[in-house]
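Subject: Structure for you to look at

Hello,

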Protein chains: 2
Amino acid sequence: MARTIGSNGEETAARIRACALELIASQGFEAMSMRGLAAAVGVQSAALYHHFATKQALLADLMMSHMRDLLTAWQTTCADHMAGQAATASDRLDAFARFHIRYHISRPQEVFIAYMELRSLSPVHYNAVSELRRDYENLLKAILQDGVDDGSFQIDDIHVTAMAILAMLTGITTWYRPGGRLSASAVEMQYAAMVRRMAVDDIGESLPVQRQAKQ
Amino acid sequence: MARTIGSNGEETAARIRACALELIASQGFEAMSMRGLAAAVGVQSAALYHHFATKQALLADLMMSHMRDLLTAWQTTCADHMAGQAATASDRLDAFARFHIRYHISRPQEVFIAYMELRSLSPVHYNAVSELRRDYENLLKAILQDGVDDGSFQIDDIHVTAMAILAMLTGITTWYRPGGRLSASAVEMQYAAMVRRMAVDDIGESLPVQRQAKQ
């Protein structure tokens, strides 16, 4: 079958990305050479540079793609989940927690690299990736704020709570393995319940920070 | 002042460890060369090998030391905190959360490397580090189990909850910077409150996993 140059090019770029993810996850970005990557993909080095001008541009592409895909996937999930409903903050928080778990479980290498290789991004790329990360964090913060505003959440500090929830949810990639004791959906439900507990405080205590402020 | 060879040797080993932490955190273990490390420390390569037989032995030493120091620090904190008290599970959970936050905030490089470079440990060293990690996780699990046993905690799955709490607490190293909007003690108190919420469920719901099991 004849292939157009365009689709062939896209296929090669996809193979480069997949091999780069493997190599960076196993040995780190600094230790990966473009020559080694070309060998893993099975192309000449020149073919790599046709797709990615520099090694730095390749890393930035991987990290930007990861964040853009994540943001797009949430928009889709959110639209599906909320279709025709006036969703409460609590429903949206639940949907966000489940989405985040499900998405991150399926992409442990991307998650690992997104955290580990921030240090290797040039300032321009670091800022661009950070902006996308903030866009994602702001989705969660908006849900938390809506819940505070309508009285359904009791939250002391939106930023701290959002950071804590994201770390808790993302941390699943460090221990969860498919085929283990717990199914992905059982784990997803338990994390969603823990997130709900963190936002809904009916345990009748004022938070220590508030107590201290009164002293 | 004359120094004994022993104390000089210990001082060199400490400088090697400190420089190795810097280099591994900034470029990754695979990309760090023993020659580059010797240059950073300001010694001949032979001096490195006097202290660490191989690059692998150096990495294992850094990761084992981190875990052993963490376990020792908790024993000390725990003994101080609990002196003369019959501490409740809730008090111990609070002390653990505060200890973990305080310890990890002060050692972001060790925390980063402890997660990132597990992949570079040989199987023997990986197992040894994993055992120490399990010892630490088991301290938290024992507290959670005690709280479940005495009826003060409502927890669906001890392992999942412990993993979620540890990830949430450790995640602070990815965003907290001294001198920012929040003091370390304010952040410590907020995280301790969130951990308490995760263990104490008075929000009147049975967890989804339990609901599913009944269906």
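How much area do chain B and chain A bury between them, and what share of it is on carbon and sulfur atoms? Before the answer, please bear in mind that this is a predicted model. In it, chain B and chain A bury about 4200 Å² between them, and 63% of that area lies on carbon and sulfur atoms. As background, an interface's size is often stated as the accessible area that is lost when the parts come together. Counted by residues, 46 of chain B are in contact with 45 of chain A.

Charged side chains also take part in the interface. Side chains of opposite charge can pair when their charged atoms come close. A:Arg181 and B:Asp157 form a salt bridge through their side chains, with 2.9 Å from N to O. Within chain A, the side chains of A:Arg98 and A:Asp94 meet in a salt bridge as well, at 3.0 Å from N to O. These two residues, A:Arg98 and A:Asp94, lie about one helical turn from each other, because they are four residues apart in helix α5 (residues 89–105) of chain A.

α5(A) packs against helix α8 (residues 158–170) of chain A at an angle of about 40°, and their axes are 9 Å apart. This angle makes α5(A) oblique to α8(A), and the crossing of the two helices is right-handed. On the α5(A) side the contact is made by A:Phe96, A:Ala97, A:His100, A:Ile101 and A:His104, and on the α8(A) side by A:Leu166, A:Leu169 and A:Thr170. Sorted by class, these residues are five nonpolar, three polar and no charged.

Turning to chain B, α5(B) and helix α8 (residues 158–170) of chain B pack at about 40° with their axes 9 Å apart, which makes α5(B) oblique to α8(B). α5(B) passes α8(B) in a right-handed crossing, where B:Phe96, B:Ala97, B:His100, B:Ile101 and B:His104 meet B:Leu166, B:Leu169 and B:Thr170. The contact of α5(B) with α8(B) has five nonpolar, three polar and no charged residues.

Which other helix of chain B does α5(B) cross, and at roughly what angle? Helix α5 (residues 89–105) of chain B crosses helix α9 (residues 184–199) of chain B at roughly 140°, and their axes come within 9 Å. That makes α5(B) oblique to α9(B), and their crossing is right-handed. The contact includes B:Leu93, B:Ala97 and B:Ile101 from α5(B), together with B:Met189, B:Tyr191 and B:Val195 from α9(B). In the contact of α5(B) with α9(B), ten residues are nonpolar, one is polar and five are charged.

Terms used: Residues are numbered from 1 along each chain as its sequence is written. Chains are lettered from A and ligands numbered from 1 in the order in which they are written. This is a predicted model: local features need pLDDT of at least 70, side-chain atom pairs count only at pLDDT 80 or more; totals for chains, interfaces and linings use all residues. Side-chain values use heavy atoms; hydrogens and water are left out. Axes are lines fitted to C-alpha atoms, for helices over the stretch in contact, and angles run from 0 to 180 degrees between N-to-C directions. Angles under 35 degrees count as roughly parallel, over 145 as roughly antiparallel, 65 to 115 as roughly perpendicular and the rest as oblique. A crossing is left-handed if the near helix is turned anticlockwise from the far one by less than a right angle, and right-handed if clockwise. Contact means heavy atoms within 4.5 Å. Ala, Val, Leu, Ile, Met, Phe, Trp, Tyr, Cys and Pro count as nonpolar, Asp, Glu, Lys and Arg as charged, and the others, Gly among them, as polar. Buried area is the accessible area (1.4 Å probe) that two parts lose on being put together, summed over both. A salt bridge is a side-chain nitrogen of Lys or Arg within 4 Å of a carboxyl oxygen of Asp or Glu.
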